[in-house]
Amino acid sequence: MNEMPVIEVKDLWLKRNGDPILEGVSFRVMPGDVYAIIGPNGGEKTTLLKVILGLIPPDRGTIRILGGEPHEKRHLIGYVPQLRTFDFHYPITVREMALSGLLGRKPGLWKTYTEEDETLASKALATMGIDHLADRAIRDLSGGEQQRAVIARALAGDPQVILLDEPTVFVDAPTENRFFDILGDLARTMTIVMVTHDIAVIVSHVTNVACLNPRLFTHDS
């Protein structure tokens with residue numbers, strides 16, 4: 001029996017100021033894949049992730065997440081933006097960071113957390129091995145611990161697929177090695193798509209590699 005793709009992109013085009021920045025992009029991510037998208041800086045890898053998430057509408061083409069439209073399935077996707085997008089001086093705890101990953105599921109302006117939310121956040125922190133840091137301020141963590149807290153934020157929603165944007169750019173080599181150990185553990189239970197510019201580091205850790213700039217060329221590793 002054929003498996004349904006977790007992500008299927010067909011003939012995706014996106015223009016900026018009249019010029020194409022994504023040209024005819026097509027690919028499929030299957031259950032259990034660890035799919036890496038590489039390419040140079042400015043190659044619009046982050047843009048492609050945002051299109052997959054439904055945050056940027058394409059000019060042409062189709063995107064399906066588990067057979068549905070991106071906006072219908074967004075609750076099944078965990079998203080880890082680049083670490084530089086986070087203000088780690090903001091006065092919140094590690095537990096609050098994980099809980100913030102559930103805010104998008106809550107209607108209305110006044111959002112409160114339930115006991116189930118607390119359980120999901122605690123599970124995510126345990127998965128990342130930082131549950132003992134739950135009451136620590138996020139600003140007091142090491143770079144590697146902050147990285148794991150950001151991933152826990154994405155895991156709190158119990159996603160089926162997780163998208164990671166340059167997750168190792170601002171961490172040192174030992175932290176990077178620990179990250180790939182974590183990646184291997186996560187791959188046992190979910191599908192992973194990761195964008196990066198460093199093929200030499202990731203090639204032995206992934207099942208598929210695709211190069212984007214601005215077309216996409218795929219290669220099974």
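How many aromatic pairs does a search of the whole structure find? The search finds three aromatic pairs. The structure is a predicted model, in which local features need pLDDT of at least 70, side-chain atom pairs count only at pLDDT 80 or more, and totals for chains, interfaces and linings use all residues. Residues are numbered from 1 along each chain as its sequence is written, and side-chain values use heavy atoms, with hydrogens and water left out.

**Sheet**

- An open sheet is formed by three strands in the order β2-β1-β4, with antiparallel pairing; strands are DSSP runs (E, at least two residues) numbered from the N terminus, and two of them pair if DSSP finds at least two bridges between them.
- Strands β2 (19-29) and β4 (60-65) are the edge strands, each pairing on one side only.
- On average, neighbouring strands of this sheet are turned by 20° against each other, direction ignored; the axes are lines fitted to C-alpha atoms.
- Strand β1 (residues 7-16) runs antiparallel to β4 and is joined to β4 by five bridges.
- W13 has R60 in β4 as its bridge partner.

**Aromatic pairs**

- Rings of Phe, Tyr and Trp (its six-membered ring) pair if their centres lie within 6.5 Å; planes under 30 degrees apart count as stacked, over 60 as edge-to-face and the rest as tilted.
- The pair of F27 and Y35 is tilted, because the ring centres are 5.5 Å apart and the planes stand at 35°.
- F27 and Y35 are both buried, meaning under 20% relative accessible area (1.4 Å probe, protein chains only).
- For F179 and F180, the ring centres are 5.1 Å apart and the planes are at 70°, so this pair is edge-to-face.
- Both F179 and F180 are buried.

Note on methods
Helix = DSSP H or I, 4+ residues; strand = E, 2+ residues; numbered from the N terminus. Axes fitted to C-alpha atoms, helices over the stretch in contact; angles between N-to-C directions. Buried < 20%, exposed > 50% of the residue type's maximum accessible area, 1.4 Å probe, protein only.
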